[in-house]
Amino acid sequence: MSLATLDRTFQWVADSGLVQEPFVLLWHAGEPLVVPVDWYEAATELLHVCGGDWQVKQSFQTNATLIDAEWCRYFRQHEIDVGVSVDGPAFLHDQHRRTRSGEGTLERVLRGLHTLHEHDVPFRVITVLTADALEYPDELFDFYREQGILSVGFNPEEVEGPNTTSSLQGEGTATRFRRFLDRFFKLALTADPPMQVREFELSASALLHARRSGPPRRTQENRPFGVVNVDCEGNYSTYSPELLGLRSTPYGEFALGNVANDSLASVLTLPRFARMEADIAEGVRMCRDSCRYFPFCGGGPPGNKHFENGTFASTETLFCRLHMKACLDVTADWLERHPPTESVAELPERAAT
Amino acid sequence: MTLQPGYRLAVAPKFHLDANWSTRVSVGVGLEEVGGQFFPRGPWRASTQDELAVLISTTEQHVHKADSLQVSGQEQVPASGSTTDGVCLFQIPEHMRSAWWSLLDAVADSGAPMQGFDEFAAKVSEFLAFKRLTVPGSLQMEVIVTAAGARTIRRDPETGQGSGLGSTIAPWAAWPLHESDAVPRLCALVNLGDEPSNVVLVNLPLAGLAAELATRTPNEVCPATVGEVVEWFCRDCSDYPPVSVKLGPAEGCWLPVGGLVLDGDPSGKEEPDMLLLISTNITTNS
């Protein structure tokens, strides 16, 4: 992305009036560190100029292979939230994450992690779980501990975009996924120090939030312009990030416009946006009416619904079964066995009844 | 005598470790009797390709069969010479092995008896259950620490002396075994130390030992117990080559339900040998 396009992007965001509260600027999709540090220094300058009063946290999702001392200095200076994609020990990671010549990338990733540690840059890790990985919670736990990783998140291999199948679609996977989570939660939460597991934190928060204040509103990902996705040419979309750059028969291009030409007001009147929004709202309504997990979920990600079910106006997906239902169930089981210290009597009354 | 087809070595399903069989497995010359006990006889040498072909499972079928034996929860005594059951390598996670060392450190610091072994054993048991390495009944665990340089890890409970090679199935069990018999047996052992441990075994099932005895000494009476099968085989077939399998730190082997002759061999070690023995604790129901 050119800095001119980035400047127009920030200007578009400012003009849209969407910034009402603190937000995250996430650099991801592809490897964001292939662009030099200088570019991000300039980008940060533009951000300050255009959105001086914004409360914005920058976040990188990287494979860590390019991290060096200069990157670490940048991360620390700007208090960047760093997420590293690493799938565990070599027999898991190198199975899917390879260079163009076919070599596994784990060694290079570990060098990156070592550099982050050397420069005291905090980071969290995201691991893509394939069907194979479900058999190795202890091995993953050992790997994280050995690498000094204290915060992990698990992304089940999803059906989205060009990834038209998932190893997790097989028979019995949900049971194996729950077994994996149950085992890993136990290892992580009883470790000294405990390991943060994003799925547990989110599920526990959803369970406790629903108990305190009633069902959540639509999620960031299924609410129009809760998320704004911009590609390197300035094309933008909303809803699930993976939709940007793709098209489909019912909806056409998921990109709604370009930051150079199309204001937020202009895309809100587009018929295809209206159709997307109507179908997504219908999908959320269907979830609300049919799924007992809705109070903790708020309706699934539209991207998964589209890629798996062919339409936004649909309900359950693989993502729902694994990342939502299984996580909530296993977390609820854990909380029942290990209740939070705050007693129910001390909880405020529900805001919505 | 050369190695006969019998139990095969494999990596247990749901485990990922580098088997590297050619450096892991070595072969001795035979068996020798010392003071009424039996020991493997060296010198040890690297296994040949032909021997590895006999010893190592290369087929998925074998591995899956071994898995199904454990998953089913119904132990079966394999037929004589069966290769559908084997010795499966596995590995406990490092966090579990370091939990053991924490227990030892606490004992060293306090001088008090070890606390927390039951919790440690429960964690190992949970891990094995997750990996579907389970057996009917409860598991019993003990750690055997043997001085470096010793010839055996097994002890005669009455004399305290090294007892050498013995069966993984209770020696008093009646022979032949029947499916209705459920007798205590050693299911697995795990190296808890920081240095590799060697486990010595005869690669034949107990039924294979009995068959070999019947061939060599057809006019003898049949053994009446598992202990007799082992003793008679070691005495009459002392030219049978034992197999030594090296276990790295945290590595273990899951042993076949049909039983085999086995011992630990700390003779070449520099530090005490430290093996976790996992057994079933069930009694005869026949």
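A polar contact is a pair of N or O atoms within 3.5 Å; within protein, one atom must be able to donate a hydrogen and the other to accept it. In this predicted model, the side chain of A:Asp87 has a polar atom that lies 3.0 Å from the backbone nitrogen of A:Val128.

**A:Asp87**

- A:Asp87 sits in a loop of chain A, between strand E3 (81-85) and helix H4 (90-96).
- The relative accessible area of A:Asp87 is 6%, so the residue is buried, the cut-off being under 20%.
- Beyond its neighbours within four places in sequence, A:Asp87 is in contact with A:Leu92, A:His93, A:Arg97, A:Ile126, A:Thr127, A:Val128 and A:Leu140.

**Size of the interface**

- The size of an interface is often given as the accessible area lost when the parts come together.
- Between chain B and chain A the buried area is about 1,300 Å², and carbon and sulfur atoms give 49% of this area.
- Of the area that chain B buries against chain A, 50% comes from B:His16, B:His95 and B:Phe130, more than from any other three residues.
- Chain B brings 15 residues to the contact, and chain A brings 15 residues.

**Polar and charged pairs across the interface**

- The rule finds 3 salt bridges across the interface of chain B and chain A.
- B:Glu126 and A:Lys186 form a salt bridge through their side chains, with 2.8 Å from N to O.

**Chain B's side of the interface**

- Helix H4 (94-110) and helix H5 (117-130) of chain B are the elements that give two or more residues to the side touching chain A.
- The most comes from H5(B), which gives 5 residues to that side.
- Sorted by class, the side of chain B that touches chain A has 6 nonpolar, 3 polar and 6 charged residues.

**B:Cys253**

- B:Cys253 belongs to strand E12 (residues 251-254) of chain B.
- With a relative accessibility of 2%, B:Cys253 is buried.
- Not counting residues up to four places away in sequence, B:Cys253 touches B:Val87, B:Cys88, B:Leu89, B:Phe90, B:Cys187, B:Ala188, B:Leu189 and B:Leu247.
- B:Val221 is 32 residues from B:Cys253 along the chain, and their C-alpha atoms are separated by 34 Å.

Technical notes: Residues are numbered from 1 along each chain as its sequence is written. Chains are lettered from A and ligands numbered from 1 in the order in which they are written. This is a predicted model: local features need pLDDT of at least 70, side-chain atom pairs count only at pLDDT 80 or more; totals for chains, interfaces and linings use all residues. Side-chain values use heavy atoms; hydrogens and water are left out. Contact means heavy atoms within 4.5 Å. Buried area is the accessible area (1.4 Å probe) that two parts lose on being put together, summed over both. A salt bridge is a side-chain nitrogen of Lys or Arg within 4 Å of a carboxyl oxygen of Asp or Glu. Helices (H or I, at least four residues) and strands (E, at least two) are DSSP runs, numbered from the N terminus. Ala, Val, Leu, Ile, Met, Phe, Trp, Tyr, Cys and Pro count as nonpolar, Asp, Glu, Lys and Arg as charged, and the others, Gly among them, as polar. Buried means under 20% relative accessible area, exposed over 50%, partly exposed in between (1.4 Å probe, protein chains only).
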